[in-house]
Amino acid sequence: MQNIKDYVEANKERFLNELFELLRFPSVSADPQYKEGVLNTAEFVAKKLQDAGAENVEICPTAGYPIVYGEKIFDPSLPTVLVYGHYDVQPADPLELWDTPPFEPTVRDGKIYARGAADDKGQFYMHVKAFEYMVTNNQLACNIKFMIEGEEEVGSENLGIFVAANKERLKADVIVISDTSMISLENPSIETGLRGLSYVEVEVTGPNRDLHSGVYGGAVANPATILSKMIASLHDENNHITIPGFYDDVLELTAEERKALNEAPFDVEEYKTDLGVSELWGENGYTAIEHTGIRPTLEVNGIWGGYIGEGAKTVLPSKAYAKISMRLVPNQNSDRVTKLFKDHFEAIAPKSVKVEVKPHHGGEPVVTPTDSIAYKAAEKALEVTFNKKPIPTRGGGSIPIVALFEKELGIKTVLLGFGLDSDNLHSPNEKYGIENYLKGIETIPLFHKYYAELSK
């Protein structure tokens, strides 16, 4: 343990500077104008894997952005760990809400502010630096494979094709993903489940052109108004989702399981203060921890239509749009939920408008076992690093590829995340604590050590 701590301390400045360099690449996979930035990021990742000691490093082309692969197989009799991460990031918009430029990493109060700092550049790069330590100091306990993709933020559309075509190359005993969070540095935790996702875009069309709101207003349905009413109807007075059949497959936790989940440290007042809200919102009968971990949701991610420029334009828009995501819990299926939403949304539309529902991407919910060798190795590694046994938690986010890996490769995943829920993921001023980053580098070699020992 002291050896890795000394190595991290001696190389701290270099580790940070390399991460800063990685964060400067605008690798926004959702926006074609950043194509060069995404491809340059893949080149950087491949170079750093080679520098750290990886072999057979390859930038593997896909129909979209490439997947960076590298490995170190030094003893086939030992377990193999497959590390997954993603080098693409969310769009930085709205840019005016950033305190500092999103692709110019800035350190304030011990935290690195930049798009992708926590999601997922800072987190997957911990594994690269931990790997460097293990190679440099002859501390490799497991064979290691890396698969770092560039399309996670747009649904990993080509990852499944790559995985299916490379099953032998990706063969491993466990997958480790650092793209999740822990409760805090004082209360380390391991996420043991993730929600699934159904993401759709809806388009509501009224008249065949934009209309003068004085000449036509009151006689012709306004798509923006209709869309707003339709969306509002998707929750009842108890904040329960009203789509018929939506909850049919939801796996309900027992009273004992709910009690154990709510024993995790959580300060409601601190939570509200951090978010700048005076009251929380959610499905009646459940706590905030349950709302974000074990209950399905339906949220509007964006809504627009009509004139939104400077000044006034009295227009009745021809079209209105919204992007909607539904987070799913165990037993729910993304394709089924998407169809339920589509059928319901089309059914509640008045005859004065036409509605189109366009599915984007989805993924299945997963629960990872807490009695596996991988979980026990992660638990032991965190306990040594943090001097405290980690708490098992359920994550509110989605990593659809966890279910994909289990289906295609037959491998379970351990979610070894070091971010915090307050890191502003997908928001302006995303950040990642320097201590979180360095603690991750310290912990990962211990995971490999304990996983090899427990696998004997």
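This is a predicted model: local features need pLDDT of at least 70, side-chain atom pairs count only at pLDDT 80 or more; totals for chains, interfaces and linings use all residues.
Helix α4 spans residues 117-136 and helix α13 spans residues 434-454; the two pack at an angle of about 55 degrees. Helices α4 and α13 are therefore oblique to each other. Their axes lie 8 Å apart, and the crossing of α4 and α13 is right-handed.

On the α4 side, the contact is made by Gly122, Tyr125, Met126, His127, Lys129, Ala130, Tyr133 and Met134. These meet Asn436, Tyr437, Gly440, Ile441, Ile444, Pro445 and His448 of α13. By residue class, the contact of α4 with α13 comprises nine nonpolar, five polar and one charged residue.

At the level of the whole chain, 13 helices and 20 strands are present. The radius of gyration of the chain is 23 Å, close to the 23 Å given by the globule rule for 456 residues, so the chain is as compact as a globular protein of that length. Taken along the principal axes, the C-alpha atoms occupy a box of roughly 80 × 50 × 45 Å.

An unreviewed UniProt entry annotates residues 193-351 as "domain: Peptidase M20 dimerisation". In the model, the span of residues 193-351 is 28% helix and 22% strand, and its end C-alpha atoms are 42 Å apart.

Notes: Residues are numbered from 1 along each chain as its sequence is written. Side-chain values use heavy atoms; hydrogens and water are left out. Axes are lines fitted to C-alpha atoms, for helices over the stretch in contact, and angles run from 0 to 180 degrees between N-to-C directions. Helices (H or I, at least four residues) and strands (E, at least two) are DSSP runs, numbered from the N terminus. Angles under 35 degrees count as roughly parallel, over 145 as roughly antiparallel, 65 to 115 as roughly perpendicular and the rest as oblique. A crossing is left-handed if the near helix is turned anticlockwise from the far one by less than a right angle, and right-handed if clockwise. Contact means heavy atoms within 4.5 Å. Ala, Val, Leu, Ile, Met, Phe, Trp, Tyr, Cys and Pro count as nonpolar, Asp, Glu, Lys and Arg as charged, and the others, Gly among them, as polar. UniProt positions are given in the numbering used here, feature names are shortened, and annotations may be inferred rather than shown by experiment. The radius of gyration is taken over C-alpha atoms; the globule rule is 2.2 Å times the number of residues to the power 0.38.
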